[in-house]
Amino acid sequence: MTIEEKIRTEFPTFPVLRLNSTHTEYVKLLQRFLYVCPATYEIIYNTDTTYHGIDGGFGDRTYNAVRIFQYAMFGESGTDGIVGEDTW
């Protein structure tokens, strides 16, 4: 079993997240992932309003970090700012 198959079978199904999503706990989890990613760390970290930018709100800052992450992972064609199965 590949690591991708293991993740898909052992982890719960995550919701699709996009700008203004209200799945607060999942958005916080996403923001934590983006916080430890070298490509998006500064976007999530550089905020004065919350603890390291992890606030559970899928606003412009999180949207931009997702797009940068997607561009780094999938190239321009995979950059839509929506966190679906591939981005999770």
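Predicted model: local features only at pLDDT ≥ 70, side-chain atom pairs only at ≥ 80, totals over all residues.
The phi angle of asparagine 20 is near 70°, a positive value in a residue other than glycine. Asparagine 20 has a relative accessible area of 61% and is therefore exposed, the cut-off for that class being over 50%.

## Length and faces of helix H2

The 13 residues of H2 should span 18 Å at 1.5 Å a residue. The C-alpha atoms at the ends of H2 lie 19 Å apart, in agreement with that expectation.

Four residues of H2 are buried: Val27, Leu30, Gln31 and Leu34. Viewed down the axis of H2, the buried residues fall within an arc of 100°, so they line one face of the helix. Glu25 and Val36, on the other side of H2, are exposed. Helix H3 (41–45) and helix H4 (60–74) are included in what covers the buried residues of H2.

## Glutamine 31

Glutamine 31 is found in helix H2. Its relative accessible area is 0%, so glutamine 31 is buried; the cut-off for a buried residue is under 20%.

When residues up to four places away in sequence are not counted, glutamine 31 touches Ile44, Gly53, Ile54, Asp55, Gly56, Gly57 and Thr62.

Conventions. Residues numbered from 1 in each chain as written. Heavy atoms only, no water. Buried < 20%, exposed > 50% of the residue type's maximum accessible area, 1.4 Å probe, protein only. Helix = DSSP H or I, 4+ residues; strand = E, 2+ residues; numbered from the N terminus. Expected span 1.5 Å × (residues − 1). Arc of directions from axis to C-beta. Contact = heavy atoms within 4.5 Å.
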